[in-house]
Protein chains: 4
Amino acid sequence: VEQDWETGRIEAFSDGVLAIAITLLVLEIRLPDDTRGHLAHDLRALAPSYAAYALSFLVIGIMWANHHGLFRLIARADEGLLFFNVVLLAGISFLPFPTAVLARALKDGTADDRTAALLLYGGVSVFVAIGYQLVWHYARLRGLLLDGLDPAVIRELTRGFSIGILLYLAAIPLAFVSAAASMAVWAGLALFFLRGTPKPRFTEPGGPPSSRTPAGGV
Amino acid sequence: VEQDWETGRIEAFSDGVLAIAITLLVLEIRLPDDTRGHLAHDLRALAPSYAAYALSFLVIGIMWANHHGLFRLIARADEGLLFFNVVLLAGISFLPFPTAVLARALKDGTADDRTAALLLYGGVSVFVAIGYQLVWHYARLRGLLLDGLDPAVIRELTRGFSIGILLYLAAIPLAFVSAAASMAVWAGLALFFLRGTPKPRFTEPGGPPSSRTPAGGV
Amino acid sequence: VEQDWETGRIEAFSDGVLAIAITLLVLEIRLPDDTRGHLAHDLRALAPSYAAYALSFLVIGIMWANHHGLFRLIARADEGLLFFNVVLLAGISFLPFPTAVLARALKDGTADDRTAALLLYGGVSVFVAIGYQLVWHYARLRGLLLDGLDPAVIRELTRGFSIGILLYLAAIPLAFVSAAASMAVWAGLALFFLRGTPKPRFTEPGGPPSSRTPAGGV
Amino acid sequence: VEQDWETGRIEAFSDGVLAIAITLLVLEIRLPDDTRGHLAHDLRALAPSYAAYALSFLVIGIMWANHHGLFRLIARADEGLLFFNVVLLAGISFLPFPTAVLARALKDGTADDRTAALLLYGGVSVFVAIGYQLVWHYARLRGLLLDGLDPAVIRELTRGFSIGILLYLAAIPLAFVSAAASMAVWAGLALFFLRGTPKPRFTEPGGPPSSRTPAGGV
């Protein structure tokens, strides 16, 4: 009699990781060493840091919502799912670094610096989008989803994730054009993803009760 | 058959974010590089950092309690609530930065520096108060509250939040007068808010059992 | 019909805060800027940082166990308990700072620096011990404990906490004598407290079931 | 009537600590102070930091999975288990430091520096492996495991942990040979451990229901 991994504890661990990644963003906002007599000016000069903070907070917040939405459809876990989830979390937890790099490039970088920072940020975003794909398709192909899940839900999520990754890739060349446009597109993509995960629906009305219990229990 | 977002996982994520924001405050207390032979003196010179730490720990601790009190009244969640909650969390998670700025201005800033730091702290506090309003009124207007909730509870919370935001706004001009007065008023406002969230009460004695289950389950 | 605060969410928030405080300790271990060619030597020179890390990890780990043990006896919460719990958490979350100060004083401080660092560490420990007392006696006097709790358990915990605070106070003068002795005594006190919280026992065998449910549910 | 420690809250606290340790890794990736005009180059020069981040994220992620797998077999806890779990967590939470040291040695260290950094990383890994052994054998010898657990499961885990510690020890001499080989072996060992914890199986089909409840409840 073998017990599957509980998705509940994977979700709790992921929640913890994402809650920390989102909160660490503030540590990257730093004043210069000497602010005596011109603190107001120095605080205004940090405007790019505030913008990068707001962008990444929104992005990670919505990534959390997507992670939650994704795992609502998964009933069981195995070592492979665990591994791909760690890969996904590694991508999201990395975001405070490109956020800090972006803020710095916006503040006092050259045009080339800004492009480099935007490419890094975009690259990490694409890595995260791939991470979602890996978790999703692994769970789908290994039969770890909720039993009796409506195939339309599965198609909907597959399509949503595929569009998402294409949009992220399409946004990358903007790095050579404009920082403001890149950041606006990323914020827009985050908001787009806010609606991206379909709710569980079942082929039979109400769905088989046995299959929904493991996903509901946290 | 659609499932709503569970408020339980939103609360757990918010708890995580607030627990981290409150704990990061200590990282902003930093000694100068060279303390050899005069560490006791250097530790005493950090008194403003300790005061700012105590103030912000109290403020975030009570913000957590209010967040908890607010979500006790909310039964369901949707993407909009998720979004406004992320906005609210972004405000609270930002507080370690104005806390560090305030400590620095108190330690070795000019009068103008202190005013700038106090305005920043007050502005972020008002932003957070607005965040609470957004979450609350969104949930209220979208019918996400507990079914059968006593309208007096709703009025009480609306009034409490409105008074709170007015008091925060009224405290801002103190930034031009006195740092100690501003900080004392903020601490006082935090304590005022400790009593600010009414407990759930229902129009029928005991309330409809079905409506209370989703909020009670964590 | 009013609902009490659930102790479950207070415990979860406290767990989060303590988990973060204990993990932040590692951030205070820092190499000098230039280690090229003599990294092995520089790593050995950090021995006081490793000792301070081990001490504080043990101390906070056992403080967590005590917090857990304490809240096992508490059935209900109100705003006052919330407030005193925030005060207690503020003390524990502060510990990474005196830990870093202690490591620095051990590494390259004078005898006076070491005494100052030890007094700070001891003072914060006493503050934490007082915080436990405040939470405990507040809960006891306001009738927030489990119903039907054996009075012997209450006396046992009151005595344990009182002895603890006396031992912490008694250890403070060691700061003027020896850093190693102070640290050994603090580690010993932490281990002493590992056994410090009595398990819930009830006056009637098994205790009233209704009273035990709120404490058991997390 | 005494209540045992609940393993649920120990697991939740451990989850929190590991989630934070894994997320702090990103804070150790730092750009030089001046990057203006050559940010792309400076970002590429951080390649060793990215590699160390990826390695440690994988290592801690799988350590979390092992911690989870281990505690699935444990039904009860006492103060001793609590203590050894704190020792284990202290080892894992320390990993951001050797990760940063390793990245620095790879970036601009001499051959001796690299060996020192690899020995530190390997030493901490062995410490963690010993921590797992302490928790496991303590729980086993004190009768804290699930009742009716199949002895084959116990032998399997004991053998897995013993092989693991031997492999970690055997990998240490690689520090004198090659950094890349050491890191590849550690990543391989992490993946090996991904399969290392057997699922609970019971001597009677299905196992005694009473014994499985405490482990299942989080």
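Me: How many salt bridges does the rule find across the interface of chain A and chain D?

Reply: The rule finds two there. This is a predicted model, so local features need pLDDT of at least 70, side-chain atom pairs count only at pLDDT 80 or more, and totals for chains, interfaces and linings use all residues. Residues are numbered from 1 along each chain as its sequence is written, chains are lettered from A in the order in which they are written, and side-chain values use heavy atoms, without hydrogens and water.

Me: What makes A:Arg9 and D:Asp15 a salt bridge?

Reply: The term asks for a side-chain nitrogen of Lys or Arg within 4 Å of a carboxyl oxygen of Asp or Glu. The closest N and O atoms of A:Arg9 and D:Asp15 are 2.3 Å apart. Therefore the pair meets the rule.

Me: What is the area buried between chain A and chain D?

Reply: It is about 3,700 Å², and carbon and sulfur atoms give 68% of that. Buried area is the accessible area (1.4 Å probe) that two parts lose on being put together, summed over both. By contact (heavy atoms within 4.5 Å), 36 residues of chain A meet 45 residues of chain D.
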